[in-house]
Amino acid sequence: MSEALPPDPARRAKRSATISLVLVAGAGAAAFGLARLDSSQRDEDVLVYGSLGACIAERIRSAEACTQAEAAARAAYLASAPRYETLADCERHHGPGGCVPGAAVTPAAQDRFLPVMAAFMMGRTDEQDLPVQPLYAHAPAEERHAHGGGYAGGYCTGAGARVFSAGGTSRTHVPASVARTTTSTPRTIAYGGFGGTGRTVAASGSGHGSGGG
């Protein structure tokens with residue numbers, strides 16, 4: 001009886017590499033399929049403007065769309081801007097001068113402090129069907145100290161998600177979960193802040209669409 005030949009090392013290595021490639025390709029296909037099923041995994045093209053005039057001047061959206069978006073953001077701001085118990089707590093997250101007494105904005109915020117609405121975010125097109133959102137300056141004290149008085153910048157949504165303007169332009173990308181998650185009731189923040197820093201308590205709100213901020 002003839003003895004069986006030992007396995008060829010080169011053949012084994014080639015077979016192992018082939019299996020690895022198949023596994024990697026399969027994982028990539030699965031991830032792609034999941035992203036197609038879960039819309040929150042995709043990015044949305046959005047526009048961020050600091051004023052109605054800036055939106056109209058850029059002419060990406062019509063003047064009518066800009067006007068409607070700014071009005072919707074103002075209405076959402078009045079209804080759902082986060083509340084802070086003290087001015088110091090509010091400015092700790094939104095920066096010096098970034099907050100106002102709540103009563104100056106709405107009687108519902110009496111004895112609280114609200115961040116100033118610094119900008120608004122809208123979809124690049126009507127077909128995206130994205131809710132317009134007010135945005136607030138993101139300038140937490142710990143970041144200001146870490147950067148020698150400056151900070152990373154960007155904005156926070158009312159749900160606490162971060163939004164950055166790409167290269168100082170109005171156009172940027174955010175996860176669909178951020179673009180579609182809004183708050184319909186304000187969150188009262190007793191200490192620290194929101195948007196990934198500090199501690200938030202007595203938070204309440206509801207989402208629009210999928211995902212969370």
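In this predicted model, Leu87 is found in helix α4, which covers residues 87-94. Leu87 is partly exposed, with a relative accessible area of 35%. When its neighbours within four places in sequence are left aside, Leu87 is in contact with Cys99 and Phe113. Phe113 stands 26 residues from Leu87 along the chain, yet the C-alpha atoms of Leu87 and Phe113 are separated by 5.8 Å.

**Aromatic pairs**

The count of aromatic pairs in the model comes to two. In one of them, Tyr49 and Phe120 are arranged in a tilted manner, with 6.1 Å from centre to centre and 45° between the planes. This pair links distant parts of the chain, since Tyr49 belongs to strand β1 (residues 43-49) and Phe120 to strand β5, 71 residues apart. Tyr49 and Phe120 are both buried.

Tyr77 and Tyr136 form a pair as well, and because their ring centres lie 6.0 Å apart with the planes at 45°, the pair is tilted. Here too distant parts of the chain are linked, with Tyr77 in helix α3 and Tyr136 in strand β6, 59 residues apart. Tyr77 is buried at a relative accessible area of 6%, and Tyr136 is buried at 0%.

**Salt bridges**

| Pair | N to O distance |
|---|---|
| Arg171 and Glu58 | 4.0 Å |
| Arg61 and Asp126 | 2.4 Å |
| Arg74 and Glu70 | 3.0 Å |

The salt bridge between Arg171 and Glu58 has its closest N and O atoms 4.0 Å apart. Arg171 lies in strand β9 (residues 171-175) and Glu58 in helix α2 (residues 52-58), so this pair ties together parts that are 113 residues apart in sequence. Both ends are partly exposed, Arg171 with a relative accessible area of 45% and Glu58 with one of 30%.

The side chains of Arg61 and Asp126 meet at 2.4 Å, N to O. Because Arg61 lies in the loop between α2 and α3 (63-80), while Asp126 lies in the loop between β5 (117-123) and β6 (133-137), the pair ties together parts that are 65 residues apart in sequence. Is Arg61 buried or exposed? Arg61 has a relative accessibility of 10% and therefore counts as buried, whereas Asp126, at 58%, counts as exposed.

Arg74 and Glu70 form their salt bridge at 3.0 Å, N to O, and both residues lie in helix α3, four residues apart, which is about one turn of the helix. Arg74 counts as partly exposed at 39% relative accessibility, while Glu70 is buried, with a relative accessible area of 17%.

Asp111 lies in the loop between β3 (99-101) and β4 (113-115), and Asp111 is exposed, with a relative accessible area of 58%.

Technical notes: Residues numbered from 1 in each chain as written. Predicted model: local features only at pLDDT ≥ 70, side-chain atom pairs only at ≥ 80, totals over all residues. Heavy atoms only, no water. Helix = DSSP H or I, 4+ residues; strand = E, 2+ residues; numbered from the N terminus. Buried < 20%, exposed > 50% of the residue type's maximum accessible area, 1.4 Å probe, protein only. Contact = heavy atoms within 4.5 Å. Phe/Tyr/Trp six-rings, centres within 6.5 Å; stacked < 30°, edge-to-face > 60°.
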